[in-house]
Amino acid sequence: MFDVIVIGGGVIGGCVLRELTKYRLRVCLLEKENDVCMGQSKANSGIVHAGYDAIPGTLKAKFNVLGNKMMESYAKELGVKFRNNGSLVVAFSEEEKATLSELKTRGETNGVEGLRIIDKDELRSLEPNISDEAVGALYATTGGIISPYELTIATIGNAMDNGAELFTNFEVSNIEKTDDVFTVTSTTSEKVSATLVINCAGLQSGKIASLIGDEIGVNGRKGEYILLDRESGDFVSHTLFFTPTKKGKGILVTQTVDNNILLGPTAEELEDPDTTTTANGLDFVISKAKTMCKNPPLFNTITSFAGIRAYSDRHDFIIEESKTVKGFIHCAGIESPGLTSAPAVAEYVVKELVGKNVSLQSNETFNGKREPDYFFKNLSTEEKNALIQKDPSYGKIVCRCEQITEGEILRVIRENPPAKDIDGVKRRTRSGMGRCQGGFCQPYVAELLAKSQNVPLETITKKGKNSYLLTGVTK
Ligand SMILES: Cc1cc2nc3c(=O)[nH]c(=O)nc-3n(C[C@H](O)[C@H](O)[C@H](O)COP(=O)(O)OP(=O)(O)OC[C@H]3O[C@@H](n4cnc5c(N)ncnc54)[C@H](O)[C@@H]3O)c2cc1C
């Protein structure tokens, strides 16, 4: 029996879980996939938004600005890479310049500091590859970038180090409340009980709400991206946005914390969105990138991918206790800026909503610190040599593109939350994220997984379920 069950291992569930472990509570996380961070938190832009975009008075505006202020120290404590690179909303006409002033006023109302409108000369000095057609920009100095999957995995790992339990492959299909105790059942009939339940199920948060009779409309909007190799990493240094118009927000062009360049996302309302990319979607991204910048280095494209935004029919975050079922808390329909907002949302949910139901007593043994998952390439030669002396597995480079060692891969297979498949290792270490996209390292990573888990090689999957790499022995 737990005090609190969190449903959904995305960035919201992860930050909430970690926040809960700051108190003397028995807590667990239920995730339907083989690994955590398999929903929106895995495939997004990774922008720590400044907060000028959200309508004043909304939860989005409140938590965006608070989360932005918290993110640098939050990431540092968890060993997650964050960079305060600043963002630029670029105008291409006098009409768009007027919109920049509106955005600046909106941001200031929301409490965003350091907003400034800059002219085309300053814009060009900040971003030499910006299009000649650009006439000015709104400069948001507090904008930043972060790795969304590193952040999500680190919050859940740190929560587990502080006593939280993780149940993967646990797809919640039923919730019952009897005598103030919730019993949550999975599709495979496993049962877990607690006095409080927090719904952080992203795209499925509406479905989870319906299990207790609450009606929350959550829909999906697909976004497609193109990723360029680190070789082009200095093409831009800030995050470049189009000025929003009636036709939409366009795409963004940004550096990532790992020095790739990211172009996208599209925004397509689909009945049943999936994460495949399409020729039309990617053509749109390319044409917009060419409008924003001179000669984007598209020859350096290494992959494309898509994410699905979960947006609520209230067009705001839904963060509240159920009006009909006491002790059931919703964090539903958390679309952008949900990544930015996550640490602030978690603090609010635990202090205000959990705290209303149970007494929160500090966990004196809580340790919020966590070491980064991959680090070898950033060590000095002396440090590298010392580490190899201690553990020779750090002397073997497995991923040549990203310079990731066997030692780092073995570490993420063992530490919390353990990587159980190829993509799990990839998200934690970047092994397979470089130019060859795993062509060289994938077979060896599969062997390391099989050996560490003491299972046959053919049982190793790319991302759980039926995504097997091998069909069986040929000879
Ligand atoms: C294309 C795109 C771009 C974005 N860009 C940004 C950005 O730049 N900056 C920003 O701040 N925000 C951005 N966002 C928004 C941000 O990614 C989300 O707000 C955030 O990731 C939401 O996290 P979550 O934990 O609510 O949902 P998710 O990450 O989707 O997590 C939900 C989890 O619940 C699990 N689950 C679902 N159903 C069940 C069930 N029945 N049982 C058990 N588990 C279940 C899922 O498998 C999943 O792991 C973007 C989103 C998208 C899609």
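## A cis proline between two helices

Pro 417 sits in the loop between helix H10 (406-414) and helix H11 (422-429); helices (H or I, at least four residues) and strands (E, at least two) are DSSP runs, numbered from the N terminus. The peptide bond that leads from Asn 416 to Pro 417 is cis, and its omega is near -15°.

The model is predicted: local features need pLDDT of at least 70, side-chain atom pairs count only at pLDDT 80 or more, and totals for chains, interfaces and linings use all residues. Residue numbers start from 1 along each chain as its sequence is written.

## Other backbone features

Pro 265 belongs to the loop between strand S16 (261-264) and strand S17 (268-269).

Ser 189 is not a glycine, yet its phi is positive, at about 70°. The loop that holds Ser 189 runs between strand S11 (181-186) and strand S12 (191-199).

## Domains

The protein is assigned domain 1 (1-81 + 147-217 + 313-372), domain 2 (87-141 + 221-307) and domain 3 (376-459), with bounds from an automatic or database domain assignment. Taken over C-alpha atoms, the centres of domain 1 and domain 2 are 29 Å apart. Domain 1 gives 15 residues to the contact between these two domains and domain 2 gives 23 residues; residues are in contact if their C-beta atoms, placed from the backbone, lie within 7 Å.

On the side of domain 1 that touches domain 2, 8 residues are nonpolar, 6 polar and 1 charged. Here Ala, Val, Leu, Ile, Met, Phe, Trp, Tyr, Cys and Pro count as nonpolar, Asp, Glu, Lys and Arg as charged, and the others, Gly among them, as polar.

## The ligand shell

The ligand is surrounded by 41 residues, of which the closest are Gly 8, Gly 10, Gly 39, Gly 202 and Gly 338. Helix H1 (11-20), strand S18 (301-312) and helix H8 are the elements that give two or more residues to this shell.

The shell residues comprise 17 nonpolar, 18 polar and 6 charged. The ligand lies between domain 1 and domain 2, because both give residues to the shell around it.

## Helices H2 and H8

Helix H2 (residues 59-77) meets helix H8 (residues 338-354) with axes that come within 7 Å and cross at roughly 90°. The axes are lines fitted to C-alpha atoms over the stretch in contact, and angles run from 0 to 180 degrees between N-to-C directions. H2 and H8 are therefore roughly perpendicular, a term for angles of 65 to 115 degrees.

On the H2 side the contact includes Phe 63, Leu 66, Met 70 and Tyr 74, and on the H8 side Thr 340, Pro 343 and Val 345 are among the residues met. The residues of this contact are 9 nonpolar and 5 polar, with no charged ones.

## Strands and a hairpin

An open sheet of 3 strands has the order S3-S8-S4 and antiparallel pairing. Strand S3 (47-48) and strand S4 (82-83) are at its edges with a single partner strand each, so one side of each has no neighbour in the sheet. S4 pairs with strand S8 (residues 144-146) over 2 bridges, and Phe 82 is opposite Ile 146 in S8. Strands pair if DSSP finds at least two bridges between them.

Strand S19 (residues 318-321) and strand S20 (residues 328-332) run antiparallel and are joined by 4 bridges. Glu 321 has Ile 329 in S20 as its bridge partner. The two strands S19 and S20 form a hairpin with 6 residues between them, and Gly 327 in the turn has a positive phi of about 90°.

Terms used
Parallel < 35°, antiparallel > 145°, perpendicular 65-115°, else oblique. Near = placed C-beta within 6 Å.
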